[in-house]
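Keep the viewer open and try each task before reading its solution.

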Amino acid sequence: MGWTRKILRVNLTKGTCTAEPLNMQWAQEYLGQRGLATKYFVEEVDPKVDPLSPDNKMIMATGPLTGTPASTGGRYSVITKGALTGAIACSNSGGYFGAEMKFAGWDMVIFEGKSPKPVYLSIEDDKVELRDAAHLWGQTVWATEEIIKKTHQDPQVRVCSIGRAGENGVLYACIVNDLHRAAGRSGVGTVMGSKNLKAVAIRGTKGAAGIKDGKAFMKAAAAAKKVLADNAVTGQGLPTYGTQVLMNVINEMGALPTRNHRDVQFEDARKISAEAMNEKRPSDGKSHLVTNAACFGCTIACGRISKIDEKHFSVVNKPQYWGASGGLEYEAAWALGAANGVGDLEALQYANLICNEDGYDPISFGATVGAAMELYDLGILTSKQIGMDAPFGSAAALVKLAEMTAKGEGFGKELGLGSARLCEKYGRPELSMGVKKQEFPAYDARGIQGMGLAYATSNRGACHLRGYTVASEVLGIPVKTDPLVTEGKADLVKAFQDATSVFDSAGVCVFTTFAWTLADLQPQLDAACEGDWTMEKLAVVGERIWNMERLFNNAAGFTAKDDDLPIRLKTEPAKTGPAKGLVSGLDKMKPEYYKARGWDDKGVPSKETLARLGL
Ligand code: SF4
């Protein structure tokens with residue numbers, strides 16, 4: 001539907017909700033969702049703002065393809081200054097919430113200030129109000145959604161909310177919608193909690209409208225869907241196995257970070273793989289996986305719906321966890337599993353359910369447990385401090401620590417601050433495996449060299465979704481590159497980062513890029529959106545968005561020093577697998593990358609670059 005041309009501004013301090021016209025010039029320059037909301041954000045917020053102060057703002061934004069028949073067109077993003085990182089944050093989620101925002105007639109909602117008491121925002125088309133949320137405060141995500149649906153007497157109302165993690169100051173709290181879809185990284189849920197905003201409930205009845213050329217759009221969308229269906233990854237691999245299909249692949253490559261990146265291969269990888277999800281459990285003869293699932297309008301359907309073994313120690317006498325629910329995805333399975341040396345699939349699923357139920361990022365949580373287990377292994381943390389024995393591989397510790405983090409109890413309070421602050425506190429900052437205080441996802445920078453550069457230069461801290469060179473280095477999409485070399489990776493990372501900025505701003509899922517290039521997205525955008533959306537224009541938009549985010553981070557105090565990896569990855573060679581003997585070649589790639597970007601050697605965009613991009 002292109003843009004609705006309407007945004008909602010909610011001042012939580014004053015309790016006001018105001019409609020404003022969308023700035024259409026900015027829409028032409030920044031497209032939507034990630035790009036356009038970040039433009040609003042950087043224009044309105046001081047880069048030095050404390051992420052948890054009322055002066056920080058938080059924007060929930062759709063893209064021009066959100067709510068349309070474009071495949072995967074159900075996405076929305078949350079843009080703010082990240083609680084975990086202090087950098088620009090943009091966390092993207094699927095499910096049905098984003099499309100509902102569009103159906104209600106809003107391109108984005110800007111939240112500012114801080115409510116004096118807990119509230120939630122109710123949107124029914126143009127009827128918008130802040131409602132008391134005293135009865136919701138202290139509730140989990142799952143309970144909150146249920147209560148709101150009952151209150152509204154409408155099972156189709158779409159809800160996003162924070163759980164107890166976002167209330168209790170877990171610095172990597174998520175915003176969860178549709179029970180198990182999350183704007184997951186960088187602590188956007190923590191920012192929401194700091195504003196006393198518990199949830200947003202949306203019901204939209206306006207449907208899709210406003211597409212520039214309906215006929216051309218349907219033709220372009222159908223052609224692009226065929227590309228997804230015909231592609232082996234998006235047409236077969238992801239629907240059948242989900243993202244977890246990568247577990248064995250990445251392990252064999254020697255790029256599966258294990259035990260806080262001490263190792264690059266996990267001996268129990270198979271036990272936590274997609275293949276294991278499909279096998280019958282010896283305990284009850286049932287398979288873990290129940291079915292696959294799709295977000296709004298998605299023809300890939302990578303989502304997993306699973307059932308936990310009712311006799312597993314984590315859920316004995318807890319029937320509320322016996323039903324079918326979301327998970328596992330690759331990143332969560334890795335972070336809760338290999339990162340800690342835990343090979344118990346049911347324990348991973350349970351910890352993942354707790355992350356969904358109480359709204360916190362399983363990647364940062366799992367990796368922080370990994371750091372804690374290393375501190376325990378080194379004798380720096382004791383059983384008494386943690387409240388239990390916590391050696392690598394302990395499923396019991398993982399399960400208990402997940403519960404404690406959700407409730408903000410005991411050592412869970414320390415885990416909730418993330419690995420950087422934890423390792424700093426105990427005198428070993430170098431053992432935090434992340435960038436800009438955000439923990440790595442599931443690819444080791446020694447075995448996939450391009451990912452090391454992508455992590456180090458990611459604008460939101462370590463992240464696989466800002467420049468997923470795994471597509472090229474592992475899967476050969478769009479062309480195969482050698483994962484073990486640094487040559488050519490600067491240009492590759494830049495190309496992935498700029499293209500991803502466009503996909504994240506369009507309203508579609510980045511997993512389409514396993515099959516689509518910008519050339520598949522462009523005809524859909526050009527038919528949907530006012531103006532001429534050429535390939536050349538999209539290329540500039542992507543680069544402009546990346547540089548805009550960089551300028552914000554630079555002004556917030558980040559420098560070239562922060563574009564770095566933990567010393568372990570640069571000095572401790574991979575012990576096994578194809579990357580055996582290798583360390584990350586970041587120090588060689590970084591200057592090449594700055595040059596490719598048109599930045600100086602301090603990582604600052606040159607005047608010429610800014611002028612070229614209209615910044
Ligand atoms: S590919 Fe997966 S995450 Fe992306 S929209 Fe489809 S189901 Fe959702």
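**Exercise 1. A pair of helices**

Is the crossing of H2 and H22 left-handed or right-handed? Once you have decided, describe how the two helices lie and which residues make the contact.

*Solution.* Bear in mind that this is a predicted model.

Step 1: Look along the pair. H2 and H22 make a left-handed crossing.

Step 2: Find the geometry. Helix H2 spans residues 33-44 and helix H22 spans residues 535-556; their axes come within 10 Å and cross at roughly 30°.

Step 3: Classify the angle. Angles under 35 degrees count as roughly parallel, and H2 and H22 are therefore roughly parallel to each other.

Step 4: List the contact. H2 contributes Arg34, Gly35, Thr38, Lys39, Phe41 and Val42, while H22 contributes Ile545, Trp546, Met548, Glu549 and Phe552.

Step 5: Sort these residues by class. The contact of H2 with H22 holds 6 nonpolar, 2 polar and 3 charged residues.

**Exercise 2. Another helix pair**

*Solution.* Step 1: Locate the helices. Helix H20 covers residues 489-506 and helix H21 covers residues 518-528, with axes that come within 11 Å and cross at roughly 35°.

Step 1: Check the hand. The crossing of H20 and H21 is left-handed.

Step 2: Sort by class. The contact of H20 with H21 divides into 7 nonpolar residues, no polar and no charged.

**Exercise 3. A sheet of mixed pairing**

In what order do the 6 strands of the open sheet with mixed pairing lie?

*Solution.* Step 1: Write down the order, which is S8-S7-S12-S9-S10-S11.

Step 1: Strand S8 (127-132) and strand S11 (181-183) are the edge strands, each pairing on one side only.

Step 2: Take S9 (residues 158-161) with S12 (residues 197-203). They pair in the antiparallel sense over 4 bridges. Ser161 has Ala199 as its bridge partner in S12, and Arg158 stands opposite Ile202 in S12.

Step 3: Turn to S10 (residues 175-177). S9 and S10 run antiparallel and are joined by 2 bridges. In S10, Ser161 has Val176 as its bridge partner.

**Exercise 4. An antiparallel sheet**

Step 1: Follow one pairing. S13 and strand S14 (residues 303-306) run antiparallel and are joined by 4 bridges.

**Exercise 5. The ligand shell**

Which residues surround the ligand?

*Solution.* Step 1: Collect the shell. The ligand is surrounded by Thr72, Arg75, Arg181, Ala293, Ala294, Cys295, Cys298, Ile300, Ala301, Cys302, Cys509 and Phe511.

Step 1: Group by class. The shell around the ligand has 9 nonpolar, 1 polar and 2 charged residues.

Notes. Residues numbered from 1 in each chain as written. Predicted model: local features only at pLDDT ≥ 70, side-chain atom pairs only at ≥ 80, totals over all residues. Heavy atoms only, no water. Axes fitted to C-alpha atoms, helices over the stretch in contact; angles between N-to-C directions. Parallel < 35°, antiparallel > 145°, perpendicular 65-115°, else oblique. Left-handed = near helix turned anticlockwise from the far one by under 90°. Contact = heavy atoms within 4.5 Å. Nonpolar A, V, L, I, M, F, W, Y, C, P; charged D, E, K, R; others polar. Near = heavy atom within 4 Å. Pairing = 2+ DSSP bridges.
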